[in-house]
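We will go from stop to stop, selecting a few residues each time.

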Amino acid sequence: MTHPHVSMTLADIARHLNIPVKGDDSIAVRGLATLKDAGPDQVAFLANRAYLKDLASTRAAAVLLHPEHAKECPVACLETANPYVGYAQLSQLFDPMAVARLEAGVHPSAIVAEDAVLGEGVRIEANAVVGSGAVLEDRVVIGPGSIVGADSRLGEESHLHANVTLYHGVVIGKRAIMHSGCVIGADGFGFAHDGAGWHKIAQLGGVILGDDVEVGSCSSIDRGALGDTVIGNDVKIDSQVQIAHNVHIGDHTALAGCVGIAGSTRVGRHCMLGGGVGLSGHLTLCDGVQVTGMSLVTNSIHTPGVYSSGTGAMTNQQWRKNAVRFKQLDEMAKRLARLEKRQLG
């Protein structure tokens, strides 16, 4: 990928990343690409040894890599102890949305309540709605069709993309990114059954998101029933994730796509939940827990580490046989216990 409006030298990049260059640092580059696809005006990176085979034949202007691979590199090198983090930082320089200078102002078709408070450099795009008492701090961007509910607050430099919905009383910290279709602050799933039908429980809490939080497209974070649903600083939430009422998620935790977390569960700091993970309600996961994809967690986890559940895919014939055996496990365990008792007796 190259950016038509961005060009910088390897020396510029090295200064930005605060790392050394080996080779001609005057080479101009206009984008990033993989080792295999990069051209002479692009920077590539090597963060996974599986792609080491592509290093010798790369046509990139330079490669961002660990110093241990520098001798094998046929072009200029940008050396760093963590090439993937370096790539993440470098990608920001070529992001069209980051490079574009969005002008401040309110589009004529937007509706902004008279008592809403707008900081300096705020941009509100077409057909957006900002409710009564809302506060948008400096350099906030509200994308087209997005809604900021009454008494909600967005920290400086936060960005709502198109068609994001913040219900009333939602608080979002600095530099947050909300992608299209996500809904923050809808009612939690609270109903009381009287034996004949359901009675709705009013959801009286709110939602609080910390600084540097990112929420993917079409994800939902429900408001609390009484207290607040709380998402910590630097939490990264993928697309199509459901977070129920009164969930608390600790700082620096990441949730991959289609994670579902039931009400009042607490997830610690620096946790990682793989795609499709489900957490039952009223659980606690301590700091540093990793749960692999498609796992179901039904009990609290108090020791850091990697956890998994479920079985991998197999032929239907194998699965049907194993399903029958699974139903027989209890009887087999009892028979084994009786045999052990006879042998010990």
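Start with one definition: a residue is buried under 20% relative accessible area, exposed over 50%, and partly exposed in between, with a 1.4 Å probe and protein chains only. Select His199. At 44% relative accessibility, His199 counts as partly exposed.

Before moving on, note how to read this tour. This is a predicted model: local features need pLDDT of at least 70, side-chain atom pairs count only at pLDDT 80 or more, and totals for chains, interfaces and linings use all residues. Residues are numbered from 1 along each chain as its sequence is written, and side-chain values use heavy atoms, with hydrogens and water left out.

**Stop 1: around His199**

His199 sits in strand 23. Helices (H or I, at least four residues) and strands (E, at least two) are DSSP runs, numbered from the N terminus. Which residues does His199 contact, leaving aside its neighbours within four places in sequence? They are Gly190, Phe191, Ala192 and Asp194. Contact means heavy atoms within 4.5 Å.

Now select Trp198, also placed in strand 23 (residues 198-200). Trp198 counts as exposed because its relative accessibility is 62%. With Trp198 they make a nonpolar surface patch of about 430 Å². Patches are made of residues with over 30% relative accessible area and no salt bridge; like charges are joined within 9 Å, nonpolar side chains (Val, Leu, Ile, Met, Phe, Trp, Tyr) within 5 Å. A salt bridge is a side-chain nitrogen of Lys or Arg within 4 Å of a carboxyl oxygen of Asp or Glu. Accessible areas come from the Shrake-Rupley method with a 1.4 Å probe; for residues, only the protein chains shown count as cover.

Next, jump to Glu103. From His199 to Glu103 is 96 residues in sequence and 48 Å in space, C-alpha to C-alpha.

**Stop 2**

Five strands form an open sheet with mixed pairing, in the order 2-7-6-5-4. At the edges, strand 2 (21-22) and strand 4 (31-32) each pair on one side only. Two strands pair if DSSP finds at least two bridges between them.

Select strand 2 and strand 7. They run antiparallel, joined by two bridges. Lys22 stands opposite Cys77 in strand 7.

Strand 6 and strand 7 run parallel, with four bridges. Ala62 has Ala76 as its bridge partner in strand 7.

Now bring in strand 5 (residues 42-45). Strand 5 pairs with strand 6 (residues 62-65) in the parallel sense, over three bridges. Ala44 stands opposite Val63 in strand 6.

**Stop 3: faces and helices**

Which way do the side chains of strand 6 point? Ala62 and Leu64 point one way, Val63 and Leu65 the other, and all are buried. In strand 7, Ala76 and Leu78 on one side and Cys77 and Glu79 on the other are all buried.

Select helix 1 (residues 10-17). Helix 1 lies across strand 2, strand 5, strand 6 and strand 7 (76-79), at about 10° to strand 7. Axes are lines fitted to C-alpha atoms, for helices over the stretch in contact, and angles run from 0 to 180 degrees between N-to-C directions.

Finish at Thr80, in the loop between strand 7 and helix 2. Thr80 counts as buried, at 13% relative accessibility.
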